[in-house]
Structure formats: C-alpha cells, structure tokens
Amino acid sequence: MLGYVKVAVSFIKYIPQAIMNYRRKSTIGWSIINIQLDFTGGAFSFLQMLILSLRDGNNDQFSNVPKLGLSVLSVVFDILFIFQHYVLYKHSNDWKQEITADLQPTEKTGLLDIPEQIKG
C-alpha cells in the first residue's frame, strides 16, 4: 500500500516542476545533477528487475508494481527534465556565464575585497 502512495507522491512532485519549467521557458533554479542521479537510480532499479527476471526465468520481478511504476515514472520525467535543460531551454541558462565572468577577480580587485558597507 505504501508503495502506491510513494508512486502517487512522486507523480505529484514531478508535475509542478515540469509545468514551471515550461511556463518560465527556463530550468534556472535547480540542479541538473540531482535529475541525472535520479535518472540513474530509476534506470538501475528497472535494470535490477530485468536481470532478476532473466535469471529466474519468469516475470515475477515485474509484479512489484510500485517499484516498476516508480522506476518508469522517474526515468520518464527525468528524460523530460534533461530534454528541457539541454535542448529546449538551453540558452535561457546562459546568464550563469555572464554573471561568473563579472565575478572573476582582477588585478584591481582582490579575492577578499570587502565592500565598504560591510566593513562598517
């Protein structure tokens, strides 16, 4: 029973992020690394069920509906998020390069320059 609740909560968790990315036409504000790790976990979970099913010669491993549903759900949404980040809204994330270029220390500004307002 709790497995089905986890699948439902995961589905509810993914929908708002996909909609927000679509509306903003951007993936700014979250880490793609977390999505890649989630994708890896979902893919390995599915792969584990497949290998055990092949080893045992039956499909009993796929009868664990919550595990199967969670792995497929996470892989599908993670592919969507990766597609949004690297293909659809790739150029909306270019602001990071502009900001980091402005923050690079120069000969005139040191690494530890403290603004006058903070010095007090």
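S53 lies in helix α2 (helices are DSSP runs of H or I with at least four residues, numbered from the N terminus). The model is predicted; local features need pLDDT of at least 70, side-chain atom pairs count only at pLDDT 80 or more, and totals for chains, interfaces and linings use all residues. Residues are numbered from 1 along each chain as its sequence is written, and side-chain values use heavy atoms, without hydrogens or water.

S53 is buried, at a relative accessible area of 5% (buried means under 20%, exposed over 50%, partly exposed in between, with a 1.4 Å probe and protein chains only). Neighbours within four places in sequence aside, S53 is in contact with N58, N59, Q61 and F62 (contact means heavy atoms within 4.5 Å).

The other buried residues of α2 include I32, I35, G42, S45 and M49. The buried residues of this helix pack against α3. G41, also in helix α2, counts as partly exposed, with 39% relative accessibility. G41 and V75 are separated by 34 residues in sequence, yet their C-alpha atoms are 8.6 Å apart. The length of α2 agrees with expectation: at 1.5 Å a residue, its 25 residues should span 36 Å, and the end C-alpha atoms are 36 Å apart (the expected span is 1.5 Å times one less than the number of residues).

The largest nonpolar core comprises eight residues: Y14, A18, W30, I32, I35, L73, F77 and F81 (such a core is a set of buried Ala, Val, Leu, Ile, Met, Phe, Trp, Tyr and Cys residues joined through side-chain atoms within 4.5 Å). At least two residues of this core come from each of α1, α2 and α3. The largest share, three residues, belongs to α3. Y14 touches D38, L73, S74, F77, D78 and F81, residues up to four places away in sequence not counted.

The largest pocket has a volume of about 160 Å³ (a pocket is an open set of points on a 1 Å grid over the protein atoms alone, where a 1.4 Å probe fits, with protein on both sides within 12 Å along at least five of seven lines). The volume is the space filled by probe spheres set on the points, which are joined across faces, edges and corners. Of its 13 lining residues, K6, Y14, D38, L70 and S74 are the closest to the centre (lining residues have an atom within 4 Å of a point). Two or more lining residues come from each of α1 (2-24), α2 (32-56) and α3 (65-88). The largest share, five residues, is from α1. The lining divides into three nonpolar, six polar and four charged residues (Ala, Val, Leu, Ile, Met, Phe, Trp, Tyr, Cys and Pro count as nonpolar, Asp, Glu, Lys and Arg as charged, and the others, Gly among them, as polar).
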